[in-house]
Amino acid sequence: MPKRSYAEQIANAQLMLSGLGNNIEQLSRRGITTEFVNRLSADVSESITLNNEQEKLKADLQAKTSQLQAKLTVVSKTLSEAKKIVKIDIPKEHWKEFGISDKV
């Protein structure tokens, strides 16, 4: 059985909360009190806040990952250029000093 998303879990909790609130009198003899419903409501509200914060962090991470990938593309091109110059100007016995392990 696939794990439910946070949004689905929150929606299910909200539905349960609504049902509990609408039937509090009948359920009170089984321990579902107003205090119980209020506690659940507070927990659901906090879950919504945390889920929203997490979604923002995911979006921020995605944006930062794109920036990193773009910068690493620039770094890679610059390193390639430097490697060519080192290979032309420096004897291959010294290439390891530059992190170059190529034979030629």
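Predicted model: local features only at pLDDT ≥ 70, side-chain atom pairs only at ≥ 80, totals over all residues.
**Overall form**

The protein contains three helices and zero strands, and its elements follow the order α-α-α along the sequence. The radius of gyration is 29 Å, whereas a compact globule of 104 residues would have a value near 13 Å. Along the principal axes, the C-alpha atoms fill a box of roughly 90 × 25 × 20 Å.

Of the 104 residues in the protein, 10% are buried. Among contacts with a separation of 6 or more, 26% are accounted for by residues 24 or more positions apart. The protein exposes about 8,900 Å², and carbon and sulfur atoms supply 57% of that area. As for charge, there are 16 positive and 13 negative charges, and their mean positions are 7 Å apart.

**Helix 3**

Helix 3 comprises residues 34–89. How far apart are the end C-alpha atoms of helix 3? They are separated by 81 Å; this agrees with the 82 Å that its 56 residues should span at 1.5 Å a residue.

Buried positions in helix 3 are Val37, Val44, Asn51 and Val86. The cover over the buried residues of this helix includes helix 1 (6–22) and helix 2 (24–27). In general, an α-helix has 3.6 residues a turn, so residues three or four places apart point the same way.

Asn51 illustrates this cover in detail. Asn51 counts as buried because its relative accessibility is 15%, and the limit for burial is under 20%. Leaving aside residues up to four places away in sequence, Asn51 touches Tyr6 and Ile10. Helix 1 spans residues 6–22, so both of these partners, Tyr6 and Ile10, fall within the numbering of helix 1.

Glu46 is also found in helix 3. Glu46 has a relative accessible area of 48% and is therefore partly exposed, since the exposed class requires over 50%.

Ala13 belongs to helix 1 and, at 22% relative accessibility, counts as partly exposed. Ser18 is likewise found in helix 1; its relative accessible area is 40%, so Ser18 is partly exposed.

Trp95 lies in the segment after helix 3. Is Trp95 buried or exposed? Its relative accessible area is 6%, which means that Trp95 is buried.

**Separation in sequence and in space**

The table sets sequence separation beside the C-alpha to C-alpha distance for selected pairs.

| Pair | Apart in sequence | C-alpha to C-alpha distance |
|---|---|---|
| Ala13 and Ser41 | 28 residues | 8.8 Å |
| Glu46 and Lys77 | 31 residues | 47 Å |
| Ser18 and Lys77 | 59 residues | 58 Å |
| Trp95 and Arg29 | 66 residues | 81 Å |

Glu46 and Lys77, in contrast, are 31 residues apart along the chain, with C-alpha atoms separated by 47 Å. For the buried Trp95, the distance to Arg29 is 81 Å.

Key: Residues numbered from 1 in each chain as written. Heavy atoms only, no water. Helix = DSSP H or I, 4+ residues; strand = E, 2+ residues; numbered from the N terminus. Buried < 20%, exposed > 50% of the residue type's maximum accessible area, 1.4 Å probe, protein only. Contact = heavy atoms within 4.5 Å. Expected span 1.5 Å × (residues − 1). Rg over C-alpha atoms; globule rule 2.2 N^0.38 Å. Areas by Shrake-Rupley, 256 points an atom, 1.4 Å probe, with all protein chains shown as cover. Lys, Arg positive; Asp, Glu negative; His and termini not counted. Charge placed at Lys NZ, Arg CZ, Asp CG, Glu CD.
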